[in-house]
Amino acid sequence: MIRKTILLLVTLTCSIVAFAQEPSNITGTTDPAKVKRVGLFKVLNGRLKEIATSIPDASGRFAFRFTPEYEGLYAVGSGNAQNQQGLFRFYFKGNEDLNLKLSQNDYELTGKNSPENEVLFAWDKESKTFHDKGTTPGGMSTYVDFFPEVEQFKGKLDAIKKSAKTGNSNFDNFFPELVDYDFAYYAISYLYMPRTAHPSKEEMSDFYTQFNADRYLTTELLKFPYGDRFMSNMIYRKLDLSSKPTFDQQVAAIGPDVLKGQYVLQRLEGARSYGDFQEMNEKYKKYFTLPEQTERAKVVEARLVETKTGVPAFQFNYSDINGKKTSLTDLKGKVVLIDMWATWCGPCRAEEPHWEKLNEEFQGKPVAFVGISVDQDKPKWDTYVKEKKLKGIQLHAGSDNELSNAYKVNAIPRYILIDKAGNLITADSPRPSDPKLKALLDEWIKK
């Protein structure tokens, strides 16, 4: 039995025409052995947000019936909002049918479809090879073959942009813009995908040397599923990355405040401590001009509130190589520096000499240095600790442990600093190689 999801969505979003009134139908087939779920997404300020899911039946059939909340682009496919491979965009205004056959990497229209989606399908077929090369990591393509293709394809764009004659003036006026943005997105994305060979500045073709990022750094980006990621690439084109531009300089390279807000939120959502969130939010919140942007910031704040300075720290309790357990309570009266690490982590090992030196410098002072391993292979950790004779208290938590979950530790090394009373100082401390950590330890020892 086909699972259908019926949606009535009336939230304001960035669109060509707001508030479509009639429901639309999506009916499709796929290979159920390869595609286990199909998502339906709306475009929300340059990103995708899933609004419904359909599970293909044994015959591979799936379907949606929904009322578009705006006239414009939506996406359907097996990908997700973060990894858009396997997602394909379509145009809905309400009261139309979309019939398609879907695979993991492609789609084709079947049966009767709206004129708008027929035009999009023709453009997608025309640009498929170019799109796949530009947005797919790896592959055999290099700039030697791709750059001539860019210049050749550029010459076709004017004729393609004139091909939209659907009778829907909203779409027909939008389509030339879509072609321009798609072409630029595919071509620029190519530069940031892993390749076997990369061009020098002198080897860039005319499209790249004449590329004007400001032409695309406009609020029109908010209409496209790839708006946020394209914005980041264009900033990289505007700035000389070899000069290591600051985040302030990156934000300043963007024109409209609403796009500045989008870019800041990308960074803000990666914040690892409440302190980091507060500092960035206070500095840049003036750019959050959309209600949805303000809500995104609030979600980040709620997620990080447990990492706020002064709140009780997570009460860990883990064993050393001899099976003896040590808890945070056992260390009360000392400033506690936790090192979340693993034997396989290169950056963790690079910090070891600095960790050892700090241990020596603070010997006899009220500081506890606690290494907590996230190694899945405990015997390997046992051997490593013994062979290296690591200083400090060395404990094993294993992968997917409560401490990592409490402080959203998704990358190591991570250093967590706790005061003498067992309250959090920071969930994302400077590393031992950073002189700021020594100054921070000195400061909190005196309190």
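## What counts as a cavity

A cavity here is a set of grid points where a 1.4 Å probe fits but cannot get out, and its volume is the space filled by probe spheres set on those points. Please keep in mind that this is a predicted model.

The largest cavity has a volume of about 80 Å³.

Its lining is made up of D339, W341, C348, E351, E352, W355, G371, L390, Q394 and Y415. Both β13 (335–341) and α11 (346–361) supply at least two residues each to this lining, and α11 has the largest share, with 4 residues. Sorted by class, the lining of the largest cavity contains 5 nonpolar, 2 polar and 3 charged residues.

Now for the largest pocket, which holds about 1100 Å³ of space. It is lined by 40 residues, and those closest to its centre are Q84, Q85, Y185, Y226 and R229.

Which elements build this lining? At least two residues each come from β5 (47–54), β8 (87–92), α1 (115–135), α4 (169–190) and α6 (227–238). By class, the pocket lining divides into 13 nonpolar, 16 polar and 11 charged residues.

Notes:
Residues numbered from 1 in each chain as written. Predicted model: local features only at pLDDT ≥ 70, side-chain atom pairs only at ≥ 80, totals over all residues. Heavy atoms only, no water. 1 Å grid on protein atoms, 1.4 Å probe; cavity = no way out; pocket = protein on both sides within 12 Å on 5 of 7 lines; lining within 4 Å. Nonpolar A, V, L, I, M, F, W, Y, C, P; charged D, E, K, R; others polar.
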